[in-house]
Amino acid sequence: PRPGHSPTLQAWVDEIAERARSRLGTGRIADYIPALVNQDPERFGLALCTNDGQLYTAGDAETPFSIQSLSKVLLLSLALRTHGDALWQRVGLNPSGMPFNSLMQLETERGKPRNPFINAGAIVVADHLVGAFATPAKHLQDIARTLSGNPGVLIDHEVLASEWSHRARNAAAAYLMKAFGNLDNEVDEVLTAYFACCALRMSCRDLAVALNYLAADGRALTTGERFIPPAMAQRINALMFTSGMYDAAGDFAYRVGLPAKSGVGGGIVAVVPGRLSICAWSPALDASGNSVAAQYALELIAEDLGRWHPAPS
Ligand code: GLN
């Protein structure tokens, strides 16, 4: 990736960041993970990465933040890569219509989470990987480094410890799934791997570059190699479209219309298949756990994308 060479596109990205900053001051920082409370609500970053490797950034695009549920996309990619469609016997493919940490459906649906982007679903995916790799979180960290081209990507151990000591709800989900026979490994081991992945710190730049493979038929921008097959990228995008924004997925699809995934650290990654990847970040969240200013930035981008970055004819 290199700085983009279109001054008009850069000016557009700057303008979007400027307009999105008007939403700072609305929303709340996630406080159920104490280590996230001290984030500065005035932060806003934006990075847009085209499939030919041009990078347009604005605001705090180079500031690392806690990727949280954005890791669910990497986890899923890795699990599908190593295990293929067998995963779908243990996790569903449908929107949950429930908050990301809800336990309600787990009991009635016999320990099978609705999709891989709610916490319970990602915990099952993590279980898959605990079986396959001796150190799954470290493996994911290495992948995040390679895909982003940033060897400085790290797991934040303070966030990891904080999530661990406030794990009651995620532990409840994991134990319930264990009781239904949907976790192979020990609950503590699976939770540790899951939290470590959530605790990765990456910047908007890192994430837009790393997840560009979803826009590029599975091809990694930094290595030029195929990270996942094209059909897999398409399916992950479909899941992001239907479930990437938790119980607000429908609202977001209506307003923005792009596959996207959010995290309670305030990051949102969105994909324009065949063209580009975007990451917007600002820590204050709405009631569904999605960043207010980042959602607004994506709304503005979607509104005008055809004008600034027309689809190839
Ligand atoms: N680590 C967070 C949790 O388990 C991830 C949630 C999120 O980003 N939505 O609650």
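Two remarks before we go on. Residues are numbered from 1 along each chain as its sequence is written. Please keep in mind that this is a predicted model, in which local features need pLDDT of at least 70 and side-chain atom pairs count only at pLDDT 80 or more, while totals for chains, interfaces and linings use all residues.

The domain assignment gives domain 1 as 2–66 + 200–308 and domain 2 as 69–198, with bounds that come from an automatic or database assignment. Across the boundary, 37 residues of domain 1 are in contact with 37 residues of domain 2, where contact requires C-beta atoms, placed from the backbone, to lie within 7 Å. On the side of domain 1 that touches domain 2, the largest share, 6 residues, comes from α10. By class, that side has 23 nonpolar, 10 polar and 4 charged residues; here Ala, Val, Leu, Ile, Met, Phe, Trp, Tyr, Cys and Pro count as nonpolar, Asp, Glu, Lys and Arg as charged, and the others, Gly among them, as polar.

Now to the ligand. Both domains give residues to the shell around the ligand, so it lies between them. That shell, in which a residue is near the molecule if its C-beta atom, placed from the backbone, lies within 6 Å of it, divides into 3 nonpolar, 7 polar and 1 charged, and includes Ser 69, Phe 100, Asn 119 and Val 264.

Let me take two of these residues in turn. With 26 C-beta neighbours inside 10 Å, Ser 69 counts as buried, the scale being buried at 20 or more other C-beta atoms within 10 Å, exposed at 12 or fewer, and partly exposed in between, with C-beta atoms placed from the backbone. Leaving aside neighbours within four places in sequence, the contacts of Ser 69 include Phe 100, Cys 198 and Val 264.

Asn 119 has its place in helix α4 (residues 119–132), and Asn 119 is also buried, with 22 other C-beta atoms within 10 Å. Again leaving aside neighbours within four places in sequence, Asn 119 is in contact with Phe 100, Asn 101, Asn 170 and Ala 173.

Note on methods: Contact = placed C-beta atoms within 7 Å. Helix = DSSP H or I, 4+ residues; strand = E, 2+ residues; numbered from the N terminus.
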